[in-house]
Amino acid sequence: MCGIVGYIGNKKASPILINGLLKLEYRGYDSAGISTIEKTGLSTMKDKGRVKNLYNLPEIDNLEGTIGIAHTRWATHGKPSMENAHPHMDNSKTFSVVHNGIIENFNELRKLLSDSGYTFYSQTDTEIIPNLIDYYYKKENNNDLKFLRAVKNACNSLKGSFALEIICKDYPDNMIVVRKDSPLVIGKGNGENYISSDIPAMLSYTKDFYLLNDLEYVVLSRDNAKFYNNDLKTIEKETKSIDWDANSSEKGDFEDYMLKEIYEQPKAIRETIGSRINKNSKCEFEELNFTKEYLQGLNKIYFVACGTAMHVGLAGKDMIEKLCKIPTEVDIASEFRYRDPLIDNKTLCIFISQSGETADTLAALKLSKQCGAKTLAITNVIGSSITREADYSIYTHAGPEIAVASTKAYTSQVVLVAMLTIYFAETLELSTQKIATLKEEILLLPKKIEKALKTSSEIKTFAKRIYQEKDIFFLGRGIDETVAKEASLKLKEISYIHSDSYPAGELKHGPIALIENDVTVISIMTDPKLVKKTISNIQEVISRGAKTLIITNQDVDTDMFDMVICIPETSTFISPILSIIPLQLLAYFTSKEKGLDVDKPRNLAKSVTVE
Ligand code: F6R
């Protein structure tokens, strides 16, 4: 939520900042703004709406400064408007600040500052920050590290989460950045430094990044980055080299990032499998050192995540309980963290997050550690906050995912969880025929995904039939019900059609009352043991006038349904990886038919770094 970028070097800052904002726009697109230090002092420009509005301001070309900060906003406190847009300045216009996060005690700080004579012009929580810095700056007698001391004192008064970039008109050659529970990375260039909420936005400039921990302060100059802890003692940091290709965060020949990412799935799965699966040896996870005794002693495994990542946990529960016989629960991170979950040192908590920055997932992880549980992170982003907190981290290799709606991250996470399950089963010495078959099937996935992608034109035809509908229902049983949930989320978030998913057998207990003539019901049927049962439920909706789309790898009577999409057969454990493909395409084409912005659906942001 909210994207921030910064630049300090010898080049004109504004084009680099705007370029960074365009790459970060998926984090929020309610307003955008920029501040640079010009010869005349601080210069700030902002506008409501998309980054292109800022970019189109005629005055933007007049900015010559080589140091600057910029922001694209996802509104939390205060409506999307010009006055609420970042950067925010203090009353004396000495400091300019961009902020990603939420300041929970902003009301009391605002009152304290108002009592000291400060005036506020926006409804944001952020505006207190430059004023608080100014408040401490004016009190500071010691000129040594005066700017840094003021920032540190202000940060120590803040409760909540923040990633901040601060420039000061008295320090035209420095910028200070700091973070707490919100993402921020520093890219090291040659005689220049780049700052960004995430790595992909800066990949075209550098591949070497400094990763910051909470309440570490960085004083940046053109050719240096000096790091301090919260006691203002200097600390040493090494850069981390990121091997993502700069082109991987570009759209290439595709119309939208989402379509590109859907088509990248064979590669993402191939790279996530890597060399972990070999027919004749055990599944390798060099990052993990779980023993048979530890796994046998577990009282429970917990998957905790949000949204699409949580749906991966549902597939994981199915795999771990069936293959390893370890009781497994799945919870939504925002619920788990306030539920007083029953976990202890015999619980393994697994956190799934594409970004590795989701605020609720991070908080749930910290809580699990406090309760003594071992924590394992599954993310797509090396060095992300969740990976830095967890006891163990394993990675999907999906490459940067830019579209707000997650596609390749979901399928890569499912395959990684499948391999983790095999690793558990082999460590438990449960080596069975099922595991051998699953391994073979995993290796065949990339080719089978390519086949599933060939359903595209049939799906496009179906999208044309349904794009004007108000409600759509998704049904499935067992593993197919977890896919129904994911397909329903995907459709509603980018097409704005209300959709819901149900276990097919639950229909008669209430939801069937919603079925009337011409309502669309979509059903996934990949589990041979359950197909007949689900077909009976579909017959019940057909009798009530529903039109039906079936996604299956089984032999079904195609005449019974309006459309049947055939996908390749595979092990039931990993069938979500194939059955979701036509449904991702359906969400995409439906959104396109409606003329919507597929990559940036309204009200949403890619990385939810606030509670
Ligand atoms: C939906 C979607 C979201 C994310 C959720 C968690 O398409 O992308 O539901 O899955 O916000 O995000 P991460 O995985 O970054 O923790």
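**Notes on the cavities, pockets and domains**

1. By class, the residues that line the largest cavity comprise 11 nonpolar, six polar and seven charged ones. Please keep in mind while reading that this is a predicted model. The volume of the largest cavity comes to about 240 Å³, and its lining is made up of 24 residues.

2. Which domains supply the lining of the largest cavity? Domain 1 (3-248) and domain 2 (251-452) each contribute at least three residues to the lining. For orientation, the protein chain is divided into domain 1 (3-248), domain 2 (251-452) and domain 3 (456-593). Between domain 1 and domain 3, the C-alpha centres are 45 Å apart.

3. How many cavities of 30 Å³ or more does a search of the whole structure find? The search finds three. The second largest cavity holds about 80 Å³ of space, and 15 residues line it. Nearest its centre are Cys 2, Trp 74, Thr 76, His 86 and Gly 101. Strand β6 (residues 95-103) provides the largest share of this lining, with three residues. Sorted by class, the lining of the second largest cavity has five nonpolar, eight polar and two charged residues.

4. The peptide bond that runs from His 86 to Pro 87 is cis, and its omega is near -5 degrees. Pro 87 sits in the loop between β4 (67-73) and β5 (88-89). So that you can see both features of His 86 in one view, note again that this residue is among those nearest the centre of the second largest cavity.

5. Another backbone detail to check is Leu 145. Its phi is near 55 degrees, which is a positive value in a residue other than glycine. You will find Leu 145 in the loop between α4 (128-139) and α5 (146-157).

6. Now to the pockets. The largest pocket contains about 630 Å³ of space, with 27 residues in its lining. Cys 306, Gly 307, Thr 308, Lys 606 and Val 608 lie nearest the centre of this pocket. The class count for the lining of the largest pocket is 11 nonpolar, 10 polar and six charged residues.

7. Where does the lining of the largest pocket come from? At least two residues come from each of α9 (307-324), β18 (347-353), α11 (359-370) and α16 (479-495). In terms of domains, at least three lining residues are drawn from each of domain 2 (251-452) and domain 3 (456-593).

8. The second largest pocket has about 400 Å³ of space. Its lining has 20 residues, and those closest to the centre are Trp 244, Glu 271, His 397, Ala 398 and Gly 399. Seven nonpolar, six polar and seven charged residues make up this lining. Why does the second largest pocket lie between domain 1 (3-248) and domain 2 (251-452)? It does so because both domains give residues to its lining.

9. Helix α7 (residues 265-273) gives the most to the lining of the second largest pocket, with three residues. Helix α7 also has a partner, helix α14 (residues 433-453): the two axes come within 8 Å and cross at roughly 175 degrees. An angle over 145 degrees counts as roughly antiparallel, and α7 and α14 are therefore roughly antiparallel to each other.

10. Which residues make the contact between these two helices? On the α7 side they are Gln 265, Pro 266, Ile 269, Arg 270 and Ile 273. On the α14 side they are Ile 442, Leu 443, Leu 445, Pro 446, Ile 449, Glu 450 and Leu 453. By class, the contact of α7 with α14 has nine nonpolar, one polar and two charged residues.

Note on methods: Residues are numbered from 1 along each chain as its sequence is written. This is a predicted model: local features need pLDDT of at least 70, side-chain atom pairs count only at pLDDT 80 or more; totals for chains, interfaces and linings use all residues. Side-chain values use heavy atoms; hydrogens and water are left out. On a 1 Å grid over the protein atoms alone, a cavity is a set of points where a 1.4 Å probe fits but cannot get out, and a pocket is an open set with protein on both sides within 12 Å along at least five of seven lines; lining residues have an atom within 4 Å of a point. Grid points are joined across faces, edges and corners, and a volume is the space filled by probe spheres set on the points. Helices (H or I, at least four residues) and strands (E, at least two) are DSSP runs, numbered from the N terminus. Ala, Val, Leu, Ile, Met, Phe, Trp, Tyr, Cys and Pro count as nonpolar, Asp, Glu, Lys and Arg as charged, and the others, Gly among them, as polar. Domain bounds come from an automatic or database domain assignment. Axes are lines fitted to C-alpha atoms, for helices over the stretch in contact, and angles run from 0 to 180 degrees between N-to-C directions. Angles under 35 degrees count as roughly parallel, over 145 as roughly antiparallel, 65 to 115 as roughly perpendicular and the rest as oblique. Contact means heavy atoms within 4.5 Å.
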